[in-house]
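Reader: I am new to this structure. Please take one part, the protein surface by the DNA, and go through it closely.

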There are 2 protein chains.
Amino acid sequence: MNKILIVEDEIAISDLIKIELEARGYKCEVANDGETACDFIENKRYDLVLLDIMLPKIDGYELLEYIKQLSETPAIFITAKNQTKDKIKGLNLGADDYIAKPFEMGELIARIEAVLRRYNKGCEIQQIDDVEINIVSRTVKKAGKEISLTPKEFDLLVLLVQNKNFALYRETIFEKVWGEDLEFETRTLDLHIQRLRKKLQWKDKIKTVYKIGYMLEDKI
Amino acid sequence: MNKILIVEDEIAISDLIKIELEARGYKCEVANDGETACDFIENKRYDLVLLDIMLPKIDGYELLEYIKQLSETPAIFITAKNQTKDKIKGLNLGADDYIAKPFEMGELIARIEAVLRRYNKGCEIQQIDDVEINIVSRTVKKAGKEISLTPKEFDLLVLLVQNKNFALYRETIFEKVWGEDLEFETRTLDLHIQRLRKKLQWKDKIKTVYKIGYMLEDKI
DNA sequence: TACATATGTATCTAAATTGTATCAATTTTA
DNA sequence: TAAAATTGATACAATTTAGATACATATGTA
């Protein structure tokens, strides 16, 4: 399930987009001004950001730069002005696409899907330190040597990697890896973390966030 | 046999890539500047182009546009700069993937294979080790000697080959080979895998991905 | 009909994965 | 600092899954 942040000051429009996207199975959050958007971006993880250029206080360009500093989250610009200048400026700053108001909802969906598809391409292989994770072949190598992980271990690793530097709640991890069909108050998750740490020799890299859950730390 | 064009002005690097790729069974040609590359692209056919962005005379972006005008050949960008901007620009222009110098050769190979898989270069004849699979005549040879496969076995083999190094879910295999009209919880698939392994002497090459399904492994 | 081939079922066995129980270590909190 | 809460470590048991084998049912062929 992809999570999309909609940054748009016109509530009529943001609501419309939200409804349409949710009908198509996306999970949406709305920020009606730049500050709220900043706050969301700092504290949550999105798969894509829809970004209006004309915003009160902080404008879309600034916001985009900020997003790109923090993460690799793709962004699509929305603007009222159908000006080529804006288009160029947006794309140069790192926007992945651009759509002008008024737009057909179908076109927006198509663009969102194109961008998400494009981003997922590059994600078949993830590299963290000397560990290479191949998501499609479900194999893991450390320093070139293959490490054998069990399915649950692999799924857990992928979740951690895809949310690196982001503390994940035990609850969230259970939901994503086990699918909430398991009792919550057991030592199962800890055990799997333990096994991952051992196999990858990631004693310190997988951090325990006391009373919260776990996090994969990947500083530059 | 896939043909790859390497466009890279640093001869040390282009040579290195060439050697590694040829060791893995790709046929390679090298162009050390944009003009030579143009010339090659006009006159020959490639399955994939590796494209350095920083080139003398004609740069990688221009070259990519030119390639995409002429053909549907997929392209992967190589660049020294690990800048998000470049990444976006490249992908927007139609690059299929992106890799930053310095890179692990293994990662480059994986990305090349991912792109080729995506393009599904529908080669009529596929070669895996000493096994030659002719998809149109539906015949299989191992070390030049014909192996007789049943229809289901052949379909299964083709599916595995066309998705090599890609873990296929049991469910997916059932869907593609049997067309979901078969009970899911049986040992049928396992049995067919077993028969394929025996006939092709591919005990280790067809890997069991525990709790997931099967994968044809074809590295190096 | 008898036979060969292809394909699926049933069943048992071996192996791998996953979870439970328990206690030790660590961190927080009072 | 002591008690409480939380997480780490270890051993083991239960469960799940895939491999192997024998056999059954088609389906077409001589």
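Author: In what follows, Ala, Val, Leu, Ile, Met, Phe, Trp, Tyr, Cys and Pro count as nonpolar, Asp, Glu, Lys and Arg as charged, and the others, Gly among them, as polar. The model is predicted. On that division, the surface near DNA strand C has ten nonpolar, seven polar and nine charged residues. There are 26 residues around DNA strand C, and those that come nearest are Thr150(A), Lys152(A), Thr186(A), Thr150(B) and Pro151(B). Two or more residues of this surface come from each of helix H6 (151-162) and helix H8 (188-200) of chain A, and likewise from helix H6 (151-162) and helix H8 (188-200) of chain B.

Take H6(A) from this list. H6(A) is built of twelve residues and spans 16 Å from first C-alpha to last, close to the 16 Å expected at 1.5 Å a residue. Buried in H6(A) are Phe154(A), Leu156(A), Leu157(A) and Leu160(A). These residues lie on the same side of H6(A) because they cover an arc of only 165 degrees around the axis. The cover over the buried residues of H6(A) includes strand S7 (131-134), strand S8 (139-142), helix H7 (170-178), H8, strand S11 (206-209) and strand S12 (213-216) of chain A.

Terms used
Residues numbered from 1 in each chain as written. Chains lettered and ligands numbered in written order. Predicted model: local features only at pLDDT ≥ 70, side-chain atom pairs only at ≥ 80, totals over all residues. Near = placed C-beta within 6 Å. Helix = DSSP H or I, 4+ residues; strand = E, 2+ residues; numbered from the N terminus. Expected span 1.5 Å × (residues − 1). Buried ≥ 20, exposed ≤ 12 C-beta atoms within 10 Å, placed from the backbone. Arc of directions from axis to C-beta. Contact = placed C-beta atoms within 7 Å.
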